[in-house]
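Me: I would like to go through this structure term by term, asking what each description rests on. Please set each value against its cut-off before you conclude.

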Amino acid sequence: MQDSWPIFVGIAIAAAIAGLGIGWLSFRAASARRIAASRRAAEEILAEASREAELARKAALLEAREQGLREKERFEEETRSIRRDLETRGNAVADQEGRLQREGSRQAEEREEIERDRRSLAQEKRRLLDRKKEVEAIVAEQTQRLEKIAGLTVSEARLELKKNLEDEVRGDVARLGQRLREEAIRSADREARRLIVIAIQRLAAEQSIESTVTVVPLPNDEMKGRIIGREGRNIRAFETATGVDVIIDDTPEAVLLSAYDPVRRETARIALERLIVDGRIHPGRIEEIVAKVAEEVAREIEETGERAGLEVGVHGLAPEVQRGLGRLRYRTSSGQNVLRHSMEVAWLADLMGSELGLDRDLARKGGLLHDIGKGLDHEHEGPHALIGMEFLRRMGESELVCEVVGAHHQDHESDSVYAALVSAADAISGARPGARRETLETYVKRLKKLEELADSFEGVDRSFAIQAGREIRILVQHQAVDDGDATGLANEIARRIEKELQYPGQIKVVVIREMRVVDYAR
């Protein structure tokens, strides 16, 4: 057994070597087959790539040929378009050349015609010069003959003629100036009357005539004693609390309240009426009632000013301005309530401003506020127009409105048309019938002063104030005043009246010049 072991080992080794050889041969054969298959596949891929490359080359060639054809067509179309454009421009150039040739021919003809006219004018000029010399010779000859006939030289005749013409022209100018002045006055008077009539017709404001004296009625005369109180303590307490004077006289069942400040007087009136109704009249109750009424009057003043602005159509007023307006309710001027007067002026200014095409809001505001200084003049010195102007400036009102307020009585210089408009509306409101009261004595003095002013002029014979002082008729001496002087005299008298007299509305000045020749048949 031990001797056969090497044999078995050798056989196994030989078998392993034989298996390895057989495996190697099998592997080599399989590798050869795979290599051959790979070569065949590569050859097929190369053949397919060659075919595809050929197809792509042919497609690219076709695309290039088509692109070339399109470029060629576009080029040919552009060439045709350029050719057409060149043909059109050539035609236009040819037409322009034709027009230029025709224009040149026309200008040549015109130059020839101008040259002919120039030669004709030169001939006419020479002919006129010859004619002028002939006329000058004739004029010189005629002048010498006239000098011999008239006995005057040319210079003397010229001076005489100039003097006669000056006199004639001066008379014509005077007559023309008078006629133009009369036409202007008539036209302006008609227009002013039209505006005023329209404004007054469209305004129907009621008048509230109030007295400057406040009368408080009493239920009986015994109430006077209770108002005076023991040793006068009640009346002293009332006067101290209200700042007014209580006048108790023999007037039955009435007492008078006197104070410069109308608001204090109104406060005292309401307080006294309430004390009379209440019946408890003593210093403590008086102070309580007066304080309560003063607060109510202050509220009423502001509400009155606000209502006045709303009624007229003026909005956005400051509270201080509204209170200033409200105080005007307790002021009167010649019997006319100042607040109602201010509202009426606002309406008149609005109506006339609309006819003139002006700013109606500005006209209304200027008219409403023009007398606001009358509610403040007891606190400040100076004319109420300037007081109102400064007050409105402090309240931040526009400068134009302030100027209108300051200039409505010519206390402040202003060239604004709104100042003139408000001044005219103020005069209309105060001068129209029934607006204000005037005593007989004042009325007579005004008429007498008007006549005296007219009589003071040289050449005036007599003067008469008629139509309640709205017209002054002046008779002049015809020897001292001619027709031309009459116009100037009327103007001078009107200016003097404006400067020296105070009057409502306007005054018509009529100068009458006449010559009467009297003879008798015997």
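Me: To begin with Val 401, where is it placed, and why is it called buried or exposed?

Reply: This is a predicted model, and in it Val 401 lies in helix 11. Its relative accessible area is 1%, and since buried means under 20%, Val 401 is therefore called buried.

Me: Which residues does Val 401 touch, leaving out those up to four places away in sequence?

Reply: Val 401 touches Leu 362, Lys 365, Leu 369 and Leu 392. As for Ser 416, which is 15 residues from Val 401 along the chain, the C-alpha atoms of the two are separated by 10.0 Å.

Me: What makes a group of residues a nonpolar core, and which members of the largest one touch the most other members?

Reply: The members must be buried residues of the nonpolar kinds, joined through side-chain atoms within 4.5 Å. The largest such core has 37 residues, of which Leu 368, Leu 369 and Leu 392 touch the most other members. At least two residues of this core come from each of helices 6, 7, 8, 9, 10, 11 and 12, and the largest share, nine residues, is supplied by helix 8. Leu 368, not counting residues up to four places away in sequence, touches Gly 309, Val 312, Val 314, Leu 317, Leu 325, Ser 342, Met 343 and Ala 346. A second, separate core has 26 residues, among them Ile 235, Val 263, Val 297 and Ile 301.

Me: Which residues of helix 10 are buried, and what do they pack against?

Reply: In helix 10 the buried residues are His 384, Ala 385, Ile 387, Gly 388, Met 389, Phe 391 and Leu 392, and the buried residues of this helix pack against helix 7, helix 9 and helix 11. After helix 10 comes Gly 396, which has a positive phi near 80 degrees.

Me: What makes the phi of Glu 231 worth a remark, and is Glu 231 buried or exposed?

Reply: Most residues other than glycine have a negative phi. Glu 231, although it is not a glycine, has a positive phi of about 55 degrees, and its place is in the loop between helix 3 and helix 4. Its relative accessible area is 72%, and as exposed means over 50%, Glu 231 is exposed.

Me: Why is Glu 253 called partly exposed?

Reply: Its relative accessible area is 41%, which falls between the 20% and 50% cut-offs, so Glu 253 is partly exposed. Glu 253 is found in the loop between strand 2 and strand 3, and here too the phi is positive, about 50 degrees, although the residue is not a glycine.

Me: How do you know which stretch to read with care?

Reply: The protein averages a pLDDT of 79, and 83% of the residues score at least 70. Over residues 201-212, however, the pLDDT is below 50, although this stretch has 32 contacts in the model beyond near neighbours in sequence. Where pLDDT is low, the predicted coordinates should not be read in detail.

Definitions and conventions. Residues numbered from 1 in each chain as written. Heavy atoms only, no water. Buried < 20%, exposed > 50% of the residue type's maximum accessible area, 1.4 Å probe, protein only. Helix = DSSP H or I, 4+ residues; strand = E, 2+ residues; numbered from the N terminus. Contact = heavy atoms within 4.5 Å. pLDDT = per-residue confidence, 0-100.
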